[in-house]
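Please keep the sequence and the structure in view while reading.

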Amino acid sequence: MTGSGRVGPGAGGGDQGGAGRAWDGPEGDAEGYAGLRIERARELARRHGWASVRVLEPDAMITMEYREGRLNLAVRDGVVERSWEG
């Protein structure tokens, strides 16, 4: 793995993110997944150390408890629109 040498959420770098653009990785925050296809976002999240990944379709009912190490992905038509930790 290239990048900062960190391990865990946000420790990424250099991967291809799809849609013909270079993937810079979330670099310490959970918001770097928007625009990725859901399969690629899941793959990168696991590689970058997220303990769990929760996929949320439009109008999904969700609980609001915060869970450290969980990445939330709001998706529409198979593409991540928003991502956040908790």
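Does Asn72 count as buried or exposed, and at what relative accessibility? The model is a predicted one, and in it Asn72 counts as buried because its relative accessibility is 0%, whereas the cut-off for burial is under 20%.

## The surroundings of Asn72

Asn72 has its place in strand 4, and the burial of this residue goes together with that of the strand around it: 6 of the 7 residues of strand 4 are buried, so the strand is largely enclosed by the rest of the structure. The side chain of Asn72 makes a polar contact, at 2.6 Å, with the side chain of Arg54.

If neighbours within four places in sequence are left aside, the residues in contact with Asn72 are Arg54, Leu56, Arg82, Ser83, Trp84, Glu85 and Gly86. Of these, Trp84 is also the bridge partner of Asn72 in strand 5.

Strands of a sheet pair through backbone hydrogen bonds, in either the parallel or the antiparallel sense. Here an open sheet of 3 strands has the order 3-4-5, and its pairing is mixed. The edge strands are strand 3 and strand 5, each of which pairs on one side only. On average, and with direction ignored, neighbouring strands of this sheet are turned by 25 degrees against each other. Helix 1 packs on the sheet and touches strand 3, strand 4 and strand 5, while the direction of the helix makes about 160 degrees with that of strand 3.

Strand 3, which covers residues 52-56, pairs with strand 4 in the parallel sense over 5 bridges, and Leu56 has Ala74 as its bridge partner in strand 4. The pairing of strand 4 with strand 5 (residues 79-85) is antiparallel and runs over 6 bridges; within strand 5, Arg82 is the bridge partner of Ala74, and Val79 stands opposite Arg76. Strand 4 and strand 5 form a hairpin with 2 residues between them, and in the turn Asp77 has a positive phi of about 55 degrees.

In soluble globular proteins, nonpolar side chains tend to be buried together. In this model the largest nonpolar core has 13 residues, and those with the most contacts inside it are Tyr33, Ala41, Ala45, Trp50, Leu71, Leu73 and Val80. Two elements give two or more residues to this core, namely helix 1 (38-47) and strand 4 (70-76), and helix 1 gives the most, with 4 residues.

Which residues does Ala45 touch, if those up to four places away in sequence are not counted? Ala45 touches Tyr33, Trp50, Val53 and Leu71.

Apart from neighbours within four places in sequence, Gly69 is in contact with Trp50, Ala51, Ser52 and Glu85. Among these, Trp50 is one of the residues with the most contacts inside the largest nonpolar core, while Glu85 is also in contact with Asn72.

How many Å separate the C-alpha atoms of Gly69 and Gly86, which are 17 residues apart along the chain? The separation of these two C-alpha atoms is 6.8 Å.

## The chain as a whole

The protein has 1 helix and 5 strands, and from the N terminus on its elements run β-β-α-β-β-β. Of its 86 residues, 38% count as buried. The accessible surface comes to about 5,100 Å², of which 49% belongs to carbon and sulfur atoms. As for contacts along the chain, 32% of those between residues at least 6 apart in sequence join residues at least 24 apart.

Terms used. Residues are numbered from 1 along each chain as its sequence is written. This is a predicted model: local features need pLDDT of at least 70, side-chain atom pairs count only at pLDDT 80 or more; totals for chains, interfaces and linings use all residues. Side-chain values use heavy atoms; hydrogens and water are left out. A nonpolar core is a set of buried Ala, Val, Leu, Ile, Met, Phe, Trp, Tyr and Cys residues joined through side-chain atoms within 4.5 Å. Buried means under 20% relative accessible area, exposed over 50%, partly exposed in between (1.4 Å probe, protein chains only). Contact means heavy atoms within 4.5 Å. A polar contact is a pair of N or O atoms within 3.5 Å; within protein, one must be able to donate a hydrogen and the other to accept it, and residues adjacent in sequence count only if both atoms are side-chain atoms. Two strands pair if DSSP finds at least two bridges between them. Accessible areas come from the Shrake-Rupley method with a 1.4 Å probe; for residues, only the protein chains shown count as cover. Axes are lines fitted to C-alpha atoms, for helices over the stretch in contact, and angles run from 0 to 180 degrees between N-to-C directions.
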